[in-house]
Amino acid sequence: MRRHLQWSIKKLTASYADGQLSPRRVTEQALEDALRLKTLNAFVRLTPEQAIQQAQVSEERYQRKQQSGSLDGVTIAIKDNFCTRDVHTTCASRMLQDFVPPYDATVCAKLKKAGAIILGKTNMDQFAMGAGTVDSLYGPTKNIWSEDLDQDNWRIAGGSSGGSASAVAAGLCYAAIGSDTGGSTRNPASYCGVVGLKPTYGLVSRHGLIPLVNSMDVPGIFARSVSDCVAVLNAVAGPDRLDSTTIRDPFTRLKLPEIGQIDLSTVRIGIPKEYHCQGLSAEVLETWSKVADLLECGGACVQQVSLPNTAASIFVYSILNQCEVASNMARYDGIEYGHRAEDERSTEQLYALSRAEGFNEVVKTRILTGNFLLLRKNYEHYFEKALRVRRLIAEDFVKVFEASDKEDHVDILLTPTTLTEAPLYKDFASLTNRDQCAVQDFCTQPANMAGIPAVSIPIRLSQAGLPLSLQLMSNSLNEQLLLTVASWIEGQVGFDSLENRQEYKASL
């Protein structure tokens, strides 16, 4: 393994500054590794010419001692539902197979401004509708932790941002961008043993992110460490005049204290009892308990709390998801852009055939279900009722984070990210998309409905040698404390996806 792959972003950029490494050589090696590990199917499209050009310019900046920012020369991958100028953006679908955006999403533009090197576009479930990255036009993405990548015994990478998670876990890039609507960043981060951050809704611009559910979509960040996540967040967060949903207040850059300087004595940790649910594996439960004990021993106050509407959240999420999907997918009609069928006997026929050919069964099912739920006779019974329950779910979080009684108040919630380790592809594929998402998104989607920040961090390996992760959630715009506590846990458990994978393979 290349030595620099195990370095943090801070150490990598320092090595560029002192001439120990060059951005161009690191980028060339990353592109070589991406081709070597093509069997993972993490990337749907590499952009070697652009990447080498960006790396060369970065190298020249370092030689002049005029670095663009903390990400100058850092290799990053982008999920295929973020618009990238002059590079295909397909959402892993036939509908947008030939779509080449004339502009960059704000996230991509900010990364380039910070000097990051974009390696290419990563695989995903079609239009981000899935929890395994198995419903892609380009085929499924495989988890680098799989026992066997060649047979049906390989493990899923999680979804819908599985390509980004797989690329970071395999050491193909230092960080990656995904999207998170109901857990699509944290879920694959959990399965692939990397850190996955979903920021507060509105903290990072959605401009150029092809929408799934406008009221829940958030750009997410993958990295191998919490500090690397913070470096990327500092580069991409902040108000954007092109996105009316971004928070207008200026973003204050986060700075994590050293592990030894973190004081947990004033931190209150909540353990929501509703997350101890059916299907939670014994190993995940044990991991959850051990980290709670670890925090308590570290000086934090740990107590059980209740989020009573959690049980209803997955049903509410499903209804609202499908309703917004029906609305968002209406733009793909084969006229303005996207796939266009050859049958032009009538406008109606053209619409119908273009959409039938351009969407897979998962997308078509959600469109049909969403339109059914939005019918006049169903609107109040399903959509409006779901909105009311969504408010109750959000209020559950407010009650625990902003309780007037200090004894009931908590700063951080600690929960599982996923209920189990990464399942085998053959087991996962035997379920319907609806059942896949109902299981995979149970612990993650409430944070999206409340708009609060959440992060998944890897803790240890299961008996099968697969990563087990936990999730931390906090109040809106409380990323500083959230990531400080995550960094403390990370320092205690000492998990690194590249190092742990090497150690586990050596022990076999």
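Trainee: How much space lies in the largest pocket?

Mentor: In this predicted model, about 800 Å³ of space lies in the largest pocket. Its lining has 26 residues, and S8, K10, S227, D228 and L256 are the closest to its centre.

Trainee: What makes a residue such as S8 part of the lining of the largest pocket?

Mentor: A lining residue has an atom within 4 Å of a point of the pocket. S8 is among the 26 residues that line the largest pocket, and therefore S8 has an atom within 4 Å of one of its points.

Trainee: Which elements give two or more residues to that lining?

Mentor: They are α1 (9-17), α7 (226-236) and α16 (479-493). With five residues, α7 gives the most.

Trainee: How do the residues of this lining divide into nonpolar, polar and charged?

Mentor: Eight are nonpolar, nine polar and nine charged. Among the residues closest to the centre are K10 and D228; Lys and Asp count as charged, so both belong to that class.

Trainee: Which residues are the closest to the centre of the second largest pocket?

Mentor: They are S318, Q322, N433, R434 and D435, out of 19 lining residues. The space in this pocket is about 460 Å³. Its lining takes at least two residues from each of α9 (310-328), α11 (361-373) and α14 (433-440), and α9 gives the most, with seven.

Trainee: Which domains supply at least three residues each to the lining of the second largest pocket?

Mentor: Domain 1 (25-262 + 416-503) and domain 2 (314-389) each do so. By class, this lining has eight nonpolar, seven polar and four charged residues.

Trainee: Why is the space lined by A128, G130, S184, Y317 and D441 called a cavity?

Mentor: In a cavity a 1.4 Å probe fits but cannot get out, whereas a pocket is open. The space beside these residues is the largest cavity, so a probe placed there cannot get out. About 60 Å³ lies within the largest cavity, and the count of cavities of 30 Å³ or more is four.

Trainee: Which domains contribute to the lining of the largest cavity?

Mentor: At least three residues come from each of domain 1 (25-262 + 416-503) and domain 2 (314-389). The lining divides into five nonpolar, seven polar and two charged residues.

Trainee: What makes K112 and K121 the charged residues of the second largest cavity?

Mentor: The lining is T47, Q50, Q54, T84, V87, K112, I118, G120 and K121.

Definitions and conventions: Residues numbered from 1 in each chain as written. Predicted model: local features only at pLDDT ≥ 70, side-chain atom pairs only at ≥ 80, totals over all residues. Heavy atoms only, no water. 1 Å grid on protein atoms, 1.4 Å probe; cavity = no way out; pocket = protein on both sides within 12 Å on 5 of 7 lines; lining within 4 Å. Points joined across faces, edges and corners; volume = space filled by probe spheres on them. Helix = DSSP H or I, 4+ residues; strand = E, 2+ residues; numbered from the N terminus. Domains from an automatic or database assignment.
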